[in-house]
Amino acid sequence: MSEFLASLGRRALGILATLGHATALFVDLVRNCPQSLRRPYLTTAQVHAIGNRSLIIIAASGATVGLVLALQGYITLSRYGAAESLGLLVALALVREMGPVVTALLYAGRAGTSLTAEIGLMKAGEQLAAMEMMAVDPRVRVLAPRFLAGIISMPLLGAIFSAVGVLAAYVVGVLMIGIDSGAFWSQMQDGVDVVKDIGNGVVKTIVFGIASTFIALYIGYESEATPEGVAQATTQTVVVSSLSVLSLDFILTALMFSTP
Amino acid sequence: MAQPHDAIGAAGNNALVSIQEVTFGYDARVVLSNVSLEFDRGKVIAIMGSSGCGKTTLLRLIGGVITPQAGKILFSGAPIDTSDRSSLYALRRRMGMLFQFGALFTDLSVFENVAYPLREHTRLSEQMIRDIVLMKLDAVGLRGAATLRIAEVSGGMARRVALARAIALDPEIIMYDEPFAGLDPISLGVTANLIRHLNDATGATSLIVSHDVEECFRICDFAYLVSGGRVVARGTPQQLQATEDPEVRQFIRGEPDGPVRFHYPAAPIAQDFGIGA
């Protein structure tokens with residue numbers, strides 16, 4: 001019994017230590033962001049690496065989700081004679097939920113893993129230690145620009161996902177099924193609130209961007225400097241980021257959309 | 001005469017780095033126990049010992065990467081304070097470190113790797129950076145390789161690029177972590193000669209951590225032998241070679257058994273195999 005309690009205590013202490021380390025690194029990163037912005041090319045290069053290079057998968061997924069939403073939405077709406085609300089349904093689903101959440105999950109898989117593997121391999125190859133010994137702080141030079149780039153990229157990727165999804169829904173709903181184009185766009189325009197729907201969607205993508213980029217960087221930075229360690233860290237990034245995004249989405253949705 | 005104890009070395013007041021009664025360990029495992037060493041300015045000093053004896057730990061202590069649990073380390077007479085990041089970084093700008101496998105930035109070219117500390121710590125013009133980088137690369141014989149990617153250079157060349165990077169800011173001390181490990185005989189000889197010549201040309205202090213007795217003795221002015229977390233001998237290469245201390249002789253001659261046992265402590269062999277009485 002005492003052995004069990006001791007192991008429980010050790011585990012709890014381990015979790016607290018991890019949370020403490022993570023919080024300290026987060027505060028450090030936020031504090032280092034302005035210093036990192038003095039050399040904007042470091043951040044823009046990362047926006048290109050983690051943002052631009054994620055464009056294809058984001059756009060392709062946005063198109064697929066838009067196509068499926070339009071098909072499923074049309075079947076249900078047409079039962080109630082509300083097929084012309086298809087544009088509104090797809091737009092609300094995309095900007096409020098699907099856009100931010102699916103973009104964040106794809107981002108964790110595409111960019112998050114690449115960040116974790118890159119930082120982990122830099123650690124394994126002693127590149128971070130070499131920077132330290134050259135009096136260059138890796139948190140300012142390596143982590144902060146990537147953190148900023150993630151925060152900048154995520155809302156943009158989320159917006160592209162939703163825009164492509166709406167266009168795909170237009171293709172299915174208007175061009176293929178034959179819903180009136182005017183009704184498709186005007187219902188969307190009337191029903192989607194810029195602040196409440198789009199604004200909250202953007203806030204979600206920013207929060208998800210902060211969470212998944214930080215998780216990827218933290219796990220990479222703390223990873224064991226071995227091939228197994230880096231492999232494990234990469235997997236962990238996807239699992240922890242995805243669960244965090246889904247949990248945060250529930251909390252944010254409850255806060256943002258709890259009143260009709 | 002080699003001194004098989006932990007008294008402070010004969011470096012006198014000319015010491016650039018002074019390690020005084022330092023103890024360091026990880027949890028219950030003691031890596032260094034009450035060791036004292038001094039490294040004279042302008043000298044090539046070797047710290048030798050078998051793998052895991054605490055040699056690299058000494059470099060990490062000097063670089064302020066880790067903090068001793070007891071004792072102190074002085075650099076140019078001032079204690080190394082690992083709690084103050086800005087003063088620690090100011091100190092590290094006066095140091096150069098060659099990592100065992102180079103630790104080069106694989107996303108940058110050879111030129112950009114050497115230019116890295118210059119770009120980070122100086123406001124020199126692009127022309128000036130170019131000239132300095134080419135001079136440093138020329139010193140290690142790789143001026144012609146400036147445009148190559150890191151993936152295109154061999155292990156020995158990578159070590160030399162890392163050396164050019166380590167001396168880019170003309171440090172007062174250059175620390176070499178296993179500079180001869182994994183090199184072919186030609187690269188090994190080239191690296192050893194470079195360490196000696198660069199030291200003589202720049203007037204820096206060179207600290208080599210290695211277990212390559214032959215190469216270390218060929219180029220160093222003074223050597224320490226570390227074993228079991230203690231300094232077991234110190235002296236010039238000639239003094240160490242002449243010593244009668246059995247542990248030093250075993251290490252220098254590479255004998256498999258002696259004071260350092262070949263077998264890890266274990267139960268009697270008959271007991272493990274269930275034979276005999």
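Of the 260 residues of chain A, 43% count as buried. This is a predicted model, so please hear every value as computed from that model. Staying with chain A, the C-alpha trace spans about 65 × 55 × 30 Å along its principal axes. Chain A has nine helices and zero strands, and from the N terminus on the elements read α-α-α-α-α-α-α-α-α. Take the contacts in chain A between residues at least 6 apart in sequence: 86% of them join residues at least 24 apart.

Next, one helix pair in chain A. Helix 8, residues 194–221, and helix 9, residues 227–257, have axes that come within 9 Å and cross at roughly 155°. Angles over 145 degrees count as roughly antiparallel, so helix 8 of chain A is roughly antiparallel to helix 9 of chain A. The crossing of these two helices is right-handed. Helix 8 of chain A contributes residues including A:Val207, A:Phe208, A:Ala211 and A:Ile215, and helix 9 of chain A contributes, among others, A:Val240, A:Ser244, A:Leu248 and A:Leu252. By class, the contact of helix 8 with helix 9 of chain A has twelve nonpolar, seven polar and two charged residues.

Now a helix pair in chain B. The axes of helix 3, residues 110–121, and helix 5, residues 155–166, of chain B come within 8 Å and cross at roughly 30°. How do helix 3 and helix 5 of chain B lie to each other, parallel or antiparallel? They are roughly parallel, because angles under 35 degrees count as such. This crossing, too, is listed as right-handed. On the side of helix 3 of chain B, the contact uses B:Val110, B:Asn113, B:Val114, B:Tyr116 and B:Pro117; on the side of helix 5 of chain B, B:Val161, B:Ala164 and B:Arg165. These residues of the contact divide into six nonpolar, one polar and one charged.

On to how the chains meet. The contact takes ten residues from chain A and 14 residues from chain B. On the chain A side, six of the residues are nonpolar, two polar and two charged.

In soluble globular proteins, nonpolar side chains tend to be buried together. The largest nonpolar core here has 145 residues, and B:Met175, B:Ala223 and B:Leu225 touch the most other members. Helix 4 of chain A, residues 86–124, gives the largest share of this core, with 18 residues. What does B:Ala223 touch, leaving aside its neighbours within four places in sequence? The partners are B:Ile45, B:Ala46, B:Met48, B:Cys216, B:Gly235, B:Pro237 and B:Leu240.

B:Asp184 sits in the loop between strand 7 (173–177) and helix 6 (185–202) of chain B. Is B:Asp184 buried or exposed? B:Asp184 has 11 C-beta neighbours inside 10 Å, so it counts as exposed. From B:Asp184 to B:Leu225, 41 residues apart along the chain, the C-alpha separation is 25 Å.

B:Glu178 is in the loop between strand 7 and helix 6 of chain B. With 21 C-beta neighbours inside 10 Å, B:Glu178 counts as buried. B:Glu178 also has a positive phi of about 45°, although it is not a glycine.

B:Glu21 has a positive phi as well, near 50°, and is a residue other than glycine. B:Glu21 belongs to strand 1 of chain B, residues 15–26. With 14 other C-beta atoms within 10 Å, B:Glu21 is partly exposed.

Definitions and conventions: Residues are numbered from 1 along each chain as its sequence is written. Chains are lettered from A and ligands numbered from 1 in the order in which they are written. This is a predicted model: local features need pLDDT of at least 70, side-chain atom pairs count only at pLDDT 80 or more; totals for chains, interfaces and linings use all residues. Two residues are in contact if their C-beta atoms, placed from the backbone, lie within 7 Å. Ala, Val, Leu, Ile, Met, Phe, Trp, Tyr, Cys and Pro count as nonpolar, Asp, Glu, Lys and Arg as charged, and the others, Gly among them, as polar. Axes are lines fitted to C-alpha atoms, for helices over the stretch in contact, and angles run from 0 to 180 degrees between N-to-C directions. Helices (H or I, at least four residues) and strands (E, at least two) are DSSP runs, numbered from the N terminus. Angles under 35 degrees count as roughly parallel, over 145 as roughly antiparallel, 65 to 115 as roughly perpendicular and the rest as oblique. A crossing is left-handed if the near helix is turned anticlockwise from the far one by less than a right angle, and right-handed if clockwise. A nonpolar core is a set of buried Ala, Val, Leu, Ile, Met, Phe, Trp, Tyr and Cys residues joined through C-beta atoms within 7 Å. A residue is buried if 20 or more other C-beta atoms lie within 10 Å of its own, exposed if 12 or fewer, and partly exposed in between; C-beta atoms are placed from the backbone.
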